[in-house]
Every structure is written in structure tokens, then in C-alpha cells.
Amino acid sequence: MHKPSIILLLSVIVLFAACKKTEVTPDEDFSPVLTNLSENVILNTYLDLKDKASALQTATQNLEADPNTANLEIARTAWAAARSPWEQSEGFLFGPVDQEGLDPSLDSWPVNVTDLNNVLNGGNALTPEFLQAQEGTLKGFHTIEYLLWGTDSQKAVADFTAREFEYLAACSAVLASDAAQLYERWAPAGGDYIANVLNAGKTGSIYPSQKAALEEMANALSIIADEVGNGKINDPFSQQDLSLEESRFSNNSKADFANNIRSIKNIYTGKYLTFGTLTGLSAVIADRDAALDVRLKTEIDAAIAAIEAIPGTFGDAVFNNASAVSDAQTKVRTIQQTLESDILPLISKL
Amino acid sequence: MMNTRLAIPALTVVILLASCKKETVEPDFSDDYKAGGATTIHSAGPDAYTFPLANIDGAGLARHTEADALFEQQFVTAPAIRFGGLGPLFNQNACQSCHIRNGRSQPPVSPSDQASGLLIRLSVPGSGEHGGPAPVPGFGGQFQPKAIFGGVPEGKLAWTEMQQIVQFLDGGTATLTRAEYRIEEPYQPLPQGILYSPRNAPPVFGLGLLEAVPEEDILALADENDADGDGISGKPNRVWDVAAGRTALGRFGWKAGSPTLDQQTAEAFSQDMGISSVFYFPQESCTGQSNCTGGIGDEPDIARETVETTAFYAMSLAPPAPRNLEDPQVQRGKMLFLDAGCNNCHVPTLTTGNHPLSALSYQTIHPYTDLLLHDMGEDLADNRPDFEAGGREWRTAPLWGVGLTQVVNPNARFLHDGRAATLEEAVLWHGGEAEESREHFRKLPAEERAALLAFLKAL
């Protein structure tokens with residue numbers, strides 16, 4: 001991928017472009033993009049996560065108070081609902097989520113089943129404080145998932161022990177607290193991490209330039225594209241081993257993958273759900289290479305469609321629908337290729 | 001969270017500058033920008049330490065990607081379907097928990113701080129097997145404050161902070177803070193006279209290049225008894241090489257206590273994560289302790305290949321290029337760096353020899369280290385010997401990429417125990433053989449001190 005000829009070619013192009021300019025043009029102001037992405041996309045994704053994690057907490061409390069099939073289903077639905085904004089935040093895994101240990105607390109994998117069984121069989125009071133002090137592999141989305149679904153997705157209300165209900169409620173309370181903290185750390189009224197993005201290039205921001213902030217965002221997109229294409233899909237698929245499938249208990253993997261690609265779409269197009277002004281990285285790219293902009297948007301939509309077109313569960317398709325899985329994987333890798341070969345170089349030259 | 005991708009080197013800027021200004025002769029910085037020779041990547045953002053060698057081939061890149069996944073993998077208690085073997089005692093459950101974004105870590109801000117990458121090496125006076133540190137009965141060679149569920153950790157980390165004020169010649173002052181660490185609530189009484197060495201997780205990029213520097217080149221920089229009388233010794237550490245079964249030159253770790261990346265990685269699995277390995281460290285690190293229970297099988301936890309693949313990650317991570325070298329303040333700073341004699345230990349340029357990973361071979365690199373031990377004075381001393389490294393001696397820390405430390409992790413701290421919040425504090429802590437250089441810095445006017453720091457920031 002690192003052919004010297006390509007590098008040389010790029011050098012020459014830039015050299016020509018730069019030498020032709022005789023006057024210094026003022027740097028373009030990317031504030032509209034950075035403002036929209038941080039205020040409307042990132043902050044609203046975390047707000048949604050906070051709200052839905054709180055709803056999951058309520059649902060697991062209700063399940064503990066009144067264990068019945070309907071409440072179990074509500075809790076499972078609430079888990080998947082909270083999982084959606086989280087997976088849609090994985091296209092920007094920088095800042096507090098990365099620096100303050102929140103990612104491992106929210107989304108550790110795999111579950112430490114041996115320790116979990118020892119906790120459940122032990123006598124510790126299952127409070128949020130107790131769980132907050134445990135390793136990430138004893139809490140977060142996947143521990144909740146394991147408890148809600150069991151290993152074979154056949155778990156019924158009668159299969160739960162009283163301590164499992166307690167653990168679920170406490171674990172969901174910690175998840176809700178982590179999600180609230182994540183939102184608070186970004187929010188202007190709280191930790192105000194958002195100021196780093198809004199004031200990129202100014203004193204006090206960790207970004208020495210607006211370009212550096214845009215590079216961070218674009219890099220983060222390629223990281224998640226890589227993780228989905230070469231990790232989350234590839235590991236269970238290439239090794240034909242579902243113990244490597246991340247959300248295998250809930251069979252939520254297809255939604256996980258699609259939402260990860262949506263996180264790319266959200267940052268690229270500048271929109272989360274109904275929020276945002278459609279001023280995302282796309283606006284920066286379109287001004288410079290309209291065809292590339294259209295191509296990436298098309299590739300993103302194609303990848304989401306291909307993931308959702310995989311028949312049945314991902315686990316089943318790994319063995320019985322290799323062509324559909326392979327097609328989705330190829331389309332995700334295409335996004336990664338475009339980000340790395342075309343988008344990142346273009347942004348690095350801003 | 002995987003961090004593998006390729007950066008297109010920004011050679012462009014260099015070529016551009018050189019060709020657009022033909023009429024005047026500008027200093028040529030093109031070589032200085034190549035911190036890692038052809039391996040150098042050009043990124044100044046928060047993921048600057050996460051790129052593979054720029055010149056790595058397809059097979060190397062595939063292995064790097066596989067290794068990246070292992071570096072970030074969280075391990076769990078055995079028995080487990082996947083990634084079992086954690087503990088019974090440990091510091092953290094994944095490599096990246098300490099090596100945050102592959103950079104420096106930070107000491108804990110509170111006793112329950114989970115994000116810290118600080119650990120405490122322990123020993124009793126004297127030397128142990130193969131001349132290494134003598135383990136503490138009941139605690140081993142490292143303090144492990146965590147245990148798998150139901151287990152008994154070795155104790156709790158506690159500390160007392162101490163401050164001292166440094167006065168600059170021009171009147172300004174700087175306040176330096178350090179922590180003295182101790183173990184509270186030990187699971188069994190601690191023997192008297194234990195030696196503690198706090199160690200903050202160092203950055204892990206560029207290590208393959210340092211491994212590829214020929215031993216004779218490093219030894220040529222050594223001056224153990226200061227025969228040339230310049231006040232600077234430079235002493236090689238001689239440590240036990242597990243794979244070779246003999247003593248070898250130490251290169252890695254704060255006191256150069258490990259000879260190879262494979263062994264350094266196996267030690268980290270063993271000591272930091274409680275994960276035993278085939279061939280390197282087949283026994284649990286807590287073997288022989290009364291709290292070494294649970295999660296133990298007879299077999300080592302991970303295969304030899306798992307250790308070596310994980311080591312490949314650090315081996316194949318590229319150093320980032322410096323920035324802003326043309327800036328007059330940075331140029332002035334570099335001159336002051338040389339004037340102060342910082343380069344006597346922070347040797348700017350080394351050359352690699354042949355390495356099995358060919359991308360690393362025969363590169364001219366600018367790591368700013370001699371990989372040798374130096375007496376750093378009483379204030380930095382841990383007073384704990386590590387093979388031939390004495391209690392006041394530390395290996396010269398590489399300075400490449402140091403200016404990006406807090407871009408990568410705003411909470412990151414400098415020096416072996418993370419006591420320095422800024423590069424200025426790190427400079428001011430230097431003593432011993434570096435005392436003269438530190439005094440040179442202390443006596444500079446503010447704007448010249450700022451220039452020297454601007455040079456470090458540009459690296």
C-alpha cells in the first residue's frame with residue numbers, strides 16, 4: 001500500500017499547486033463543520049446514549065421488582081435500544097471515552113464468566129458501588145447482555161436467580177452512570193471537552209489547528225471501519241468460530257455492525273437522527289473532490305444495506321451464508337480503503 | 001478499538017519547501033524530520049503513536065494488525081472460552097490499559113483510580129537469580145494490587161506527596177512534586193527494608209528500531225568509568241536473556257532491565273497481567289504465595305507465539321516525525337539543547353543494523369538516547385538495583401515523539417514514576433551526571449528556556 005511512486009506523485013501535485021500560488025490565502029474557516037459535528041452529532045449521540053441507558057436501568061429495576069416474561073422482553077429491547085447510540089458513537093472514540101476509562105467500563109469484551117459466576121455464587125451485596133469497583137469485564141453492555149439472554153438466547157424468566165436480577169439492575173445503574181458521565185464530560189455545562197473541538201486552533205484547545213481536529217475525526221472513522229471489517233466481522237467469519245462474535249448472546253451483531261457504519265455516516269454527513277445541519281466532513285471533501293464525496297456516501301449506504309441484507313442472524317450466516325457475509329465485509333473494507341487512501345490524504349493537505 | 005492504518009507520509013511539505021525557494025539557501029531539515037528513517041510516519045494528532053512502520057510490507061502489516069488486536073485485548077479469568085489466564089494477581093487486564101494510545105501513562109490521582117499505568121517493582125537488598133533483583137518473600141518482584149474475583153490482592157497503594165521549589169536564575173520559580181509510594185493493608189506483613197521502584201508505563205512506538213541498533217554501537221558510546229573525564233559515564237546494563245539462556249545487553253525498560261522485546265512483552269504479561277507463557281515464564285508470577293489461588297491450571301496461560309505476536313506490535317509501531325523544525329525558536333532551542341550538553345546522553349542519531357523485520361534494517365534514526373545507564377542523582381533515585389543498574393541509575397529515555405505526549409494523552413506524565421507534569425519539570429528533576437546540563441537550563445533567561453522546551457515539543 002505504500003508504493004513510493006504514489007508518494008512521489010502526491011508530492012509533485014502538491015508542489016505544483018503550492019508553487020503556483022504567489023499570494024498567501026487565508027486559511028479556510030472550518031468552524032461550521034466542527035460546530036455541527038460536535039454540538040449536533042457527537043453531543044446528541046451521547047445524550048441519546050444517556051437517555052437510553054437510563055431507560056435500560058429502569059427496565060432492569062422493573063424486571064427485578066416484578067420478574068415476568070413481558071418485563072424481560074422490555075429489558076432486552078431496552079438493551080438493544082441503548083446499544084444503538086453506543087455503536088453509533090464508536091466512530092468517534094476519542095476524548096473522555098478513551099481517556100477516562102469509560103470505554104472499558106461500558107463495552108469490555110469478553111465477559112469474565114468465571115468471575116461473574118463466583119460473584120453470583122458469593123455473598124457480596126450487589127450494589128452499583130460494588131460493581132463500579134470491578135473490572136470492565138464484569139460490567140457494561142456485554143455482561144448485561146450475557147445475563148439477559150444467557151449463552152443460548154433461550155433464557156426464560158424462570159432460569160434467573162434472584163441475584164442475577166440484582167446484578168442486572170446494579171450493572172445497568174453503572175452503565176447509566178457511565179453514560180451520563182460521558183455526556184457530562186463533553187457538555188459545555190460540564191467537563192466542556194467540546195470546547196477543544198469548537199476552539200480548535202486557539203489557545204486552550206488540545207488541537208493546534210482546525211485541521212488537526214478534522215484529522216482526528218477522519219482517523220477515527222477509518223479506525224471503526226477497520227475494526228468492523230477486519231475485526232468484528234472478520235474474526236468469527238475467517239476462523240468460523242462464534243466465540244469471537246461480540247454480541248452473540250443477543251444476536252445483535254448485524255445491528256452493531258450497521259450502527260458502527262452509521263457512525264461513519266453521521267460524522268461524514270453531519271447528522272444524528274433528526275439533529276444536525278448536514279455540514280459534516282462531506283462538506284470539506286465535496287468542495288475539493290465532488291466525485292470522491294459522492295463515492296464515499298454511496299459506499300457507506302451500500303455497506304449498511306449489505307450488512308442488513310445478511311439473512312437471519314450473523315452467527316447463522318457465518319456458516320450458512322458465507323457469500324452474504326463476505327459481501328458485507330468487502331463493502332466495509334471498501335469504505336476503509338476510501339477513507340485511508342483518499343479522504344485522509346485530502347484532509348492532511350488542507 | 002483498533003488503530004491500524006497507514007499514513008501517507010507528508011514528505012510533500014519538505015519537497016515543496018526545498019523546491020519553491022530555490023533562490024535562497026535554506027538549511028536542510030529533511031533528514032531531521034525522518035526520526036525513524038524510512039519507517040517514519042507523519043502525524044501530529046492524538047493517534048500519532050498508533051501507526052505501523054511506513055515502509056512495512058503486506059505480510060508485516062497483516063501481522064501488525066493481528067498484534068494490534070492482542071495489544072488491546074482484555075483478558076479474563078480462566079477457565080474461559082477465549083482470552084483466559086488473567087491473574088490470579090495482576091495490575092491491569094490489557095496492554096493498552098497502561099499504554100494509553102501507545103503513549104506514556106500517569107500515576108494514580110486517587111487510590112481507586114483505574115486509569116493509572118503506574119506499577120511498583122519490589123525487591124529486598126542483594127541480588128536474586130541470574131543477578132537480577134531479589135524478590136520479596138510473599139510479594140515477588142512487583143506489587144499487584146488487583147486479584148481475580150474472590151482472590152486476595154497484595155495490598156493497597158498509598159503515597160505521600162512532597163514538593164520542592166526550584167528558583168531560576170532570572171527570578172522565576174517552578175514547583176516540583178513527587179510522590180513517595182508505600183503499600184498499605186498488605187495481605188501479610190511486609191518484610192523490613194523493602195526496596196520500591198515506581199514505574200510509569202512508557203510509550204511503545206519505535207522499539208523495533210531500538211532493538212535493531214547493533215550492540216557494538218551502543219557499547220561504543222559507553223564510558224563506564226568516565227575515562228574521558230566529561231562527567232558522563234554511560235554504562236550498559238547486563239541482564240538475563242531467558243530465550244538465549246545467558247547474560248545479554250539490556251535495552252528496554254526504565255533501567256534497561258530487559259534484553260529483547262519478546263522478553264519485555266512476556267514479562268509484562270507475567271507481572272502486569274498475571275498471564276504465564278510457554279517458554280518465557282511458564283509459572284504464574286505469584287507462585288509460592290499464599291494468595292496465589294484460583295484461575296490456575298497446570299499449563300501456561302498463553303502460547304509462545306502469542307507473546308511474540310504481541311511483541312511484534314511494539315516492534316512495528318513507527319516513530320512520528322518532528323514538526324516545525326524551521327521555526328526560529330525551535331532552531332534556537334536545538335542549539336541550546338546542544339549547548340547544555342543534553343545530547344551527551346540523549347544522543348540524537350543512531351543507525352540500525354540488520355533486523356529480522358527488514359523494514360527496521362539499516363535506518364538512520366533520531367531517537368535521542370544512547371540506551372545506556374546514567375547516574376541521575378539522589379532526587380530521581382529509587383535506590384533499588386536492577387541487574388547492573390544501581391539505585392541512582394536510569395536508562396536515557398528516548399525523546400523522539402516526546403512533544404506529542406500530552407496530545408496523545410492529556411493526562412500523561414513524564415519520567416520513570418510520572419512525577420513531572422511538564423517537560424520543564426522533567427528537565428528540572430535531572431541530577432547526577434545531568435546536573436551540569438540542568439544547571440545550564442536553570443540559569444537561562446525565560447525566553448531561552450522556552451526555546452529549549454519548544455525544541456523538545458517539536459520532537
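Strands β9(B) and β10(B) form a hairpin with 4 residues between them, and B:Gly245 in the turn has a positive phi of about 70 degrees. The two strands, β9 (residues 238-241) and β10 (residues 246-249) of chain B, run antiparallel and are joined by 4 bridges. Strands are counted as paired if DSSP finds at least two bridges between them. Helices (H or I, at least four residues) and strands (E, at least two) are DSSP runs, numbered from the N terminus.

The structure is a predicted model, in which local features need pLDDT of at least 70 and side-chain atom pairs count only at pLDDT 80 or more, whereas totals for chains, interfaces and linings use all residues. Residues are numbered from 1 along each chain as its sequence is written, while chains are lettered from A and ligands numbered from 1 in the order in which they are written.

Two residues are in contact if their C-beta atoms, placed from the backbone, lie within 7 Å. Where pLDDT is low, the predicted coordinates should not be read in detail.

The secondary structure of chain A comes to 17 helices and 0 strands. With 350 residues, a compact globule would have a radius of gyration near 20 Å, and the 22 Å of chain A agrees with this. The radius is taken over C-alpha atoms, and the globule rule is 2.2 Å times the number of residues to the power 0.38. Along its principal axes, the C-alpha trace of chain A spans about 75 × 50 × 35 Å. Buried residues make up 52% of the 350 residues in chain A. For burial, a residue is buried if 20 or more other C-beta atoms lie within 10 Å of its own, exposed if 12 or fewer, and partly exposed in between, with C-beta atoms placed from the backbone. Among contacts in chain A between residues at least 6 apart in sequence, 75% join residues at least 24 apart.

Helix α17 of chain A (residues 322-348) has 27 residues and reaches 37 Å from its first C-alpha to its last, close to the 39 Å expected at 1.5 Å a residue. That expected span is 1.5 Å times one less than the number of residues in the helix. At A:Leu339, α17(A) bends by about 40 degrees, the bend being the angle between axes fitted to the seven residues ending there and the seven starting there.

Chain B has 13 helices and 14 strands. Its radius of gyration is 22 Å, close to the 23 Å that the globule rule gives for 459 residues, so chain B is as compact as a globular protein of that length. The C-alpha atoms of chain B fill a box of roughly 75 × 55 × 40 Å, taken along the principal axes. Of the 459 residues of chain B, 56% count as buried. Residues 24 or more positions apart account for 68% of the contacts in chain B with a separation of 6 or more.

One buried position in chain B is B:Val204, in the loop between β8 (195-200) and α5 (207-211); B:Val204 counts as buried because it has 25 C-beta neighbours inside 10 Å. Leaving aside residues up to four places away in sequence, B:Val204 touches B:His99, B:Asn102, B:Ala314 and B:Leu317. B:Val204 and B:Glu66 are 138 residues apart in sequence and 17 Å apart in space, C-alpha to C-alpha.

Some backbone details deserve a look. Most residues other than glycine have a negative phi, and most peptide bonds are trans. In chain A, a cis peptide bond joins A:Trp109 and A:Pro110, with omega about 0 degrees; A:Pro110 is found in the loop between α5 (102-107) and α6 (113-121). In chain B, a cis peptide bond joins B:Ala78 and B:Pro79, with omega about -5 degrees, and B:Pro79 lies in the loop between α3 (58-72) and β1 (89-90). A:Gln240, a residue other than glycine, has a positive phi near 50 degrees.
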